[in-house]
Amino acid sequence: MSNDKEKLLSIMASLESDYNHGKISKEKYLYFRSKYEDKLNALDAREATSRIRSMQGKPSNDSKQPKKPAKYDKKEEQDLVQKYIINPKKGDKKLKERTPMDSGTFKLVAILVLAVGFTFGAAVGVFNFDFESLSDANAVAIVTDTAFPDVADIQVNNTVTNTSTTDVAGGYVETVQDTSGSSSQGSSSYTPSEPTPAPSTGGGGESPESGSSSEQPAG
Amino acid sequence: MKITKIGIAIIVIAILVFGFIIVNNVQFNNNSSNETVTMQTISKCGVTINYPSNWVYSQATSNDSVIAISKQNQIDGLEVGQVNINVERREFTGDFANFVNKSYNNLQADPAYNMVSSGEVDFNGETALQYIYTSNSTGGVIREHKAIWVERGNNAYVILYSAPIDRFDGNLDAADYIISHIIIN
């Protein structure tokens, strides 16, 4: 009994020391202190009851108490002390896994994300930014060349072909008449020559200028 | 502590890689003059040109012009570019090839223009129409032109490289390089 009390007092002293050194918060300190004080009071009360019973000649209740719950309490107490008061051991992987991401790691990850984002964004911006603001004032020279020079539209000559056949004294004369015309105008630099239409009267001559031709096969 | 060191190392590496990319992506050596020429980029109305720094941005007189550049050391005293690349755009209806051919039918009828060659070429993986012709309409100076026509929906884009006939071939490689890096969206 006194052994438990001594342990409890020792733990309370350790708790006090941790709190004074700033290892635990005030809330935790008050919580565990009240808890240990309750246990201490319970131990005192149990001790007093035992004394009274022994004075009355009655057997003590200590022997009736099962050992298992006591062990369980002790184990639970050790776990609590280990968990909240004593710093976790370096080799305790189980406890290490439970450690949340501390603020330093979080800051580093945040800085990394920002740095990568900034670098990527800057690279995209540099490669796509139009550094040359294309105002006419920035033009250094004048370009007069164009693929659309001022040349008038050309209209294709229309050709009409008339063919007539006339019987002449047992034979025949076939006359082919081309009538060409051009109406392309409007350019100061280009004036196409305009063929003169000359209808044929069925003679035997050939007039390449007029585009007419007469053919008279032997009858 | 270890994570902090790794983080710092990653940041330093990222900055180094970023700097390396910037520095090395925009420089190349001009072997002929042994001068460092940087590549520059200009974009306008969906047309992007990557051109060396010995070419400059120019203003074209044509209403159809989207963007134009001139070779810096080929600008005369009146600030008129002699060796130029001019990207023009004109809306058309009907067949693209017919539209282009019609333009050159008109040109061929003009004695000031002489067609040198025409045909289909590859322009950044797509088929384009190429016309090479000369003109002597500007103060008696004969100029040679290489026009590459590209279709974009109802718009016909033409990339026109022009130079005096005696300087045409000398600047053709640079012009071809620039033309091959033109992006028309």
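**View 1. Strand S1 of chain A and S4 of chain B pair in the parallel sense over three bridges.** Two strands are said to pair if DSSP finds at least two bridges between them. Strands here (E, at least two residues) and helices (H or I, at least four) are DSSP runs, numbered from the N terminus. Look for Ala141(A): its bridge partner in S4(B) is Ser58(B). This is a predicted model, in which local features need pLDDT of at least 70 and side-chain atom pairs count only at pLDDT 80 or more, while totals for chains, interfaces and linings use all residues. Residues are numbered from 1 along each chain as its sequence is written, and chains are lettered from A, with ligands numbered from 1, in the order in which they are written.

**View 2. Here chain A meets chain B.** In this view, 33 residues of chain A are in contact with 45 residues of chain B; contact means that the C-beta atoms of two residues, placed from the backbone, lie within 7 Å. On the side of chain A that touches chain B, helix H5 (103-128) and strand S1 (141-143) of chain A each give two or more residues. H5(A) gives the most, with nine residues. By class, that side of chain A has 21 nonpolar, seven polar and five charged residues. Nonpolar covers Ala, Val, Leu, Ile, Met, Phe, Trp, Tyr, Cys and Pro; charged covers Asp, Glu, Lys and Arg; the others, Gly among them, are polar.

**View 3. Strand S5 of chain B pairs with S4(B) and with S6(B).** S4 (residues 55-60) and S5(B) run antiparallel, joined by four bridges, and a hairpin links them through four residues. Val56(B) has Ser70(B) as its bridge partner in S5(B). S5(B) also pairs with S6 (residues 84-91) in the antiparallel sense, over five bridges; there, Ala68(B) is partnered with Asn86(B). Why is S5(B) largely enclosed by the rest of the structure? Seven of the seven residues of S5 (residues 65-71) are buried, so the strand is largely enclosed. A buried residue has 20 or more other C-beta atoms within 10 Å of its own (exposed: 12 or fewer; partly exposed: in between), with C-beta atoms placed from the backbone.

**View 4. The largest nonpolar core has 32 residues.** Such a core is a set of buried Ala, Val, Leu, Ile, Met, Phe, Trp, Tyr and Cys residues joined through C-beta atoms within 7 Å. Among those with the most contacts inside it are Trp149(B) and Val158(B). Strand S10 (residues 155-164) of chain B gives the most to this core, with six residues. Leaving aside residues up to four places away in sequence, Trp149(B) touches Val100(B), Ala128(B), Leu129(B), Ala156(B) and Val158(B).
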